[in-house]
Structures are given as structure tokens and as C-alpha cells.
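Please read it alongside the sequence and the structure.

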Amino acid sequence: MENLLGLLRIHVQRGVNLAVRDVVSSDPYVVIRMGKQKLKTRVIKKNVNPEWNDDLTLSIADLSLPVKLTVYDRDTFSLDDKMGDAEFEIGPLVNAVKMSLEGHPNGTIITKVQPSGQNCLSQESCIIWNNGKVVQDMFLRLRNVETGEVELQLEWIHVPGSRGL
């Protein structure tokens with residue numbers, strides 16, 4: 001608890017145009033890793049455009065660590081097939097959280113992160129003040145695969161008694 005800065009809630013919304021790894025479809029799920037932490041979404045059967053809408057929460061002690069995401073195809077009789085990966089930094093979200101934004105109207109765009117060769121964004125990612133919280137929507141283009149994107153929403157959660165930002 002003494003090293004805890006806060007929590008990062010990752011809302012894994014959906015996958016778009018994921019790769020086919022079974023005969024005509026896939027049974028995808030997402031694994032999120034940061035340092036030694038590993039979290040998984042549920043498996044969506046026979047769908048290359050899955051809607052997970054799963055919330056996964058990471059404990060954040062080191063802001064410099066990237067969050068790594070890997071999509072897999074669940075297989076019953078063999079090892080699960082990898083369907084691509086991506087990673088993202090939480091620095092822009094954390095910088096926005098550090099600002100005092102109370103009193104701003106809902107939907108205020110705090111900052112925008114542009115896609116580049118240094119990130120896996122497939123389109124501009126907006127960090128927004130919404131209902132008293134700072135959230136970041138992002139579409140990640142999967143690497144090491146022929147096709148696919150994953151849509152996420154990030155939210156920082158303050159933890160009473162933690163070191164904080």
C-alpha cells in the first residue's frame with residue numbers, strides 16, 4: 001500500500017475486425033499485463049467483433065511501466081492462439097488527473113494523444129472530463145497480426161490512504 005499511487009480501471013469495450021483463428025471465426029479474449037499483474041476478460045464465442053464490456057483494474061505503483069494487451073483465441077484441445085498485441089502508456093492520463101478540473105463542464109476535452117510510430121493508437125485518443133472523472137478513450141491497432149483493433153476506456157481511481165499522485 002505504501003507504494004500504491006492509485007488504480008487504473010480499464011474498460012475493455014470491444015474488438016473490431018479481429019483475425020480468424022478457427023475455421024470461420026474465433027473465440028477471443030483479452031489479457032492485460034503490467035509488471036507482474038495479469039488480468040483477463042471473458043471469452044466471447046465465435047465472434048471477430050466481440051463486445052466484452054469488461055472492467056479490469058490494475059494497481060499502479062510505477063507510472064513508467066507500459067500496459068500490455070494481448071488478444072487470444074480460446075482453443076479447447078490445443079494452446080490458445082495469439083491474435084495480436086498492443087501496448088499503451090498511462091502518462092497522458094496521469095498528467096490530466098493531476099490538473100485541478102473541478103467546475104469544468106462534462107465532456108471537456110483536456111488533451112488529445114495522436115497516433116504515431118511510438119504508440120499503438122489507430123486514431124486520436126481524447127482525454128475527457130466526464131461526471132467528475134478523467135477518462136481516456138482509445139482504439140489500439142493490434143500488432144503482429146493481419147487485422148484487428150481493440151477499444152478501451154481508461155479511468156484513474158484515487159485510493160484513500162495511498163501515496164497518490
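Two strands are said to pair if DSSP finds at least two bridges between them. The model discussed here is predicted, and in it strands E7 and E8 (residues 125-130) pair in the antiparallel sense over 5 bridges. Within this pairing, Thr-111 stands opposite Ile-127 in E8.

**The two sheets**

Strands E7 and E8 belong to an open sheet of 6 strands, which runs in the order E4-E1-E10-E9-E8-E7 with antiparallel pairing. Strand E4 (51-60) and strand E7 (108-113) each have a single partner strand and stand at the edges, so one side of each has no neighbour in the sheet. From one strand to the next, the twist of this sheet averages 20 degrees.

A further open sheet is formed by 4 strands in the order E3-E2-E5-E6, and its pairing is antiparallel. Here the edges are taken by strand E3 (37-40) and strand E6 (81-88), each with a single partner strand, so one side of each is left without a neighbour in the sheet. Neighbouring strands of this sheet are turned against each other by 20 degrees on average, direction ignored. Strands E2 and E3 pair in the antiparallel sense over 4 bridges, and Ile-32 stands opposite Leu-39 in E3.

| Strand pair | Sense | Bridges |
|---|---|---|
| E7 and E8 | antiparallel | 5 bridges |
| E2 and E3 | antiparallel | 4 bridges |

**The aromatic pair**

How many aromatic pairs does a search of the whole structure find? The search finds 1 aromatic pair. The rings of Tyr-29 and Tyr-72 have centres 5.6 Å apart and planes at 25 degrees, so the pair is stacked, given that planes under 30 degrees apart count as stacked. The pair links distant parts of the chain, with Tyr-29 in strand E2 (residues 28-34) and Tyr-72 in strand E5 (residues 67-73), 43 residues apart. Both Tyr-29 and Tyr-72 are buried, and the charged end of Arg-74 sits over the ring of Tyr-29, 4.7 Å from its centre.

**The nonpolar core**

The largest nonpolar core has 42 residues, and those with the most contacts inside it are Ile-10 and Leu-69. When residues up to four places away in sequence are not counted, Ile-10 touches a set of residues including Ile-32, Leu-56, Leu-58, Val-67, Phe-88, Leu-152 and Leu-154, and also Asp-54, Asp-55 and Gln-153.

Notes: Residues numbered from 1 in each chain as written. Predicted model: local features only at pLDDT ≥ 70, side-chain atom pairs only at ≥ 80, totals over all residues. Heavy atoms only, no water. Phe/Tyr/Trp six-rings, centres within 6.5 Å; stacked < 30°, edge-to-face > 60°. Buried < 20%, exposed > 50% of the residue type's maximum accessible area, 1.4 Å probe, protein only. Lys NZ or Arg CZ within 6 Å of the ring centre and 35° of its normal. Axes fitted to C-alpha atoms, helices over the stretch in contact; angles between N-to-C directions. Core = buried A, V, L, I, M, F, W, Y, C linked by side-chain atoms within 4.5 Å. Contact = heavy atoms within 4.5 Å.
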